[in-house]
Amino acid sequence: MEPVKTGRIFLAAVAANLSAFAVGTCLGWTSPVTPKLKTEDTSDSPLNAPIDSTDEAWISSIVALGALVVPYFAGPLADWMSRKWLLLGNSTLFILGYVLLMIGGKVWIILVARIIHGFACGTSMTVVPIYVGEIATDDVRGAVGSLMNLFIVSGILYVYAIGPYVSYVVMQWCCLAVPIVFVVCYLFMPESPYHLAAKARKEEALKSLQFLRGQSLNGVQPEMSSIEKFLEETKTSQGSVMDLFKLPGNRNALFITTGLLVFQQLSGIDAVLFNSQSIFTNAGSSLDPAVATIIVGTKGSLGGGTRTFTKI
């Protein structure tokens with residue numbers, strides 16, 4: 001039996017998770033930018049006047065509102081368009097948002113850009129785990145699956161580290177570069193073999209598996225057969241929403257995962273991420289708020305990296 005070259009799986013997963021890195025730049029964007037928008041000196045602001053507390057709250061939070069809505073549509077779109085092409089198309093939303101932030105001279109334009117970024121974040125956070133889960137083998141699925149969190153917190157650290165020390169416009173260029181790099185890298189990665197097989201594109205699915213596994217055509221045939229068997233079983237045993245509650249295993253899994261996410265969000269983590277620099281400023285920290293924020297971002301990245309490497 002031919003060995004699987006897991007390096008190729010990690011390569012494709014890293015390329016896909018550059019989209020998650022872009023998510024991190026959107027989440028952390030307000031932390032270094034809000035002080036620039038609030039100051040009376042508007043020389044480094046796209047606006048002609050400082051924002052008030054209401055504007056600040058909306059600019060920070062509206063990205064989460066956009067991300068809340070999109071997942072209901074992103075899943076079906078991923079089945080229709082394919083995982084790869086939806087993620088590539090989604091990069092245009094990241095790019096459009098940063099272009100609007102660069103040229104917008106009104107608060108409402110910033111709000112439009114932020115909700116567009118919310119749509120992009122919601123799509124990436126829905127589709128990237130699907131793609132990574134479908135390209136991975138069982139023995140590395142945990143490791144590549146944890147890459148998403150690592151890339152999100154690294155994207156947050158990226159804007160925390162750059163934002164306070166460059167101009168507003170330069171920061172937008174730095175953020176705009178991320179989705180462009182994602183497109184360049186991810187364009188050369190294969191489509192999910194599960195999606196291709198589901199669309200009766202067996203030859204393309206085999207080529208995808210050959211690339212991802214580093215095996216010959218004969219070497220990937222057994223896995224191709226198992227994918228086809230899985231898809232056939234899925235067609236003949238369609239579940240319903242009520243199955244989440246009727247079956248004890250599903251019910252327990254639903255309550256555990258939902259409970260974890262609810263507690264995570266109610267902890268106020270997003271508010272802290274969005275406003276870290278302002279929080280340290282208002283707290284009267286003796287440490288430079290920008291430096292304190294970078295330390296917080298660094299700890300998040302180290303934690304995400306530790307989780308990934310302990311799974312390898």
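The radius of gyration is taken over C-alpha atoms, and the rule for a globule is 2.2 Å times the number of residues to the power 0.38. With 312 residues, that rule gives a compact globule a radius near 20 Å, and the chain has 21 Å, so the two agree. Please keep in mind as you look around that this is a predicted model.

## The chain as a whole

Welcome to a structure built with helices: the chain has 17 of them and 0 strands. Along the principal axes, its C-alpha atoms fill a box of roughly 65 × 45 × 35 Å. Of the 312 residues, 44% are buried. Counting contacts with a separation of 6 or more, 76% are between residues 24 or more positions apart.

## Aromatic pairs

How many aromatic pairs does a search of the whole structure find? The search finds 5. Two of them are set out here.

| Pair | Distance between centres | Angle between planes | Arrangement |
|---|---|---|---|
| Trp-29 and Tyr-168 | 6.4 Å | 75° | edge-to-face |
| Phe-182 and Tyr-186 | 5.2 Å | 20° | stacked |

Which parts of the chain does the pair of Trp-29 and Tyr-168 tie together? Trp-29 sits in the loop between helix 1 (6-28) and helix 2 (30-38), while Tyr-168 belongs to helix 9 (residues 168-186), so the pair joins parts that are 139 residues apart in sequence. Trp-29 and Tyr-168 are both buried.

## A look at Ile-279

For a last stop, find Ile-279 in helix 16 (residues 276-282). Its relative accessible area is 39%; since partly exposed covers the range between under 20% (buried) and over 50% (exposed), Ile-279 counts as partly exposed. Leaving out residues up to four places away in sequence, Ile-279 touches Ala-271 and Val-272. Leu-212 is 67 residues from Ile-279 along the chain, and the C-alpha atoms of Leu-212 and Ile-279 are separated by 45 Å.

Note on methods: Residues are numbered from 1 along each chain as its sequence is written. This is a predicted model: local features need pLDDT of at least 70, side-chain atom pairs count only at pLDDT 80 or more; totals for chains, interfaces and linings use all residues. Side-chain values use heavy atoms; hydrogens and water are left out. Helices (H or I, at least four residues) and strands (E, at least two) are DSSP runs, numbered from the N terminus. Buried means under 20% relative accessible area, exposed over 50%, partly exposed in between (1.4 Å probe, protein chains only). Contact means heavy atoms within 4.5 Å. Rings of Phe, Tyr and Trp (its six-membered ring) pair if their centres lie within 6.5 Å; planes under 30 degrees apart count as stacked, over 60 as edge-to-face and the rest as tilted.
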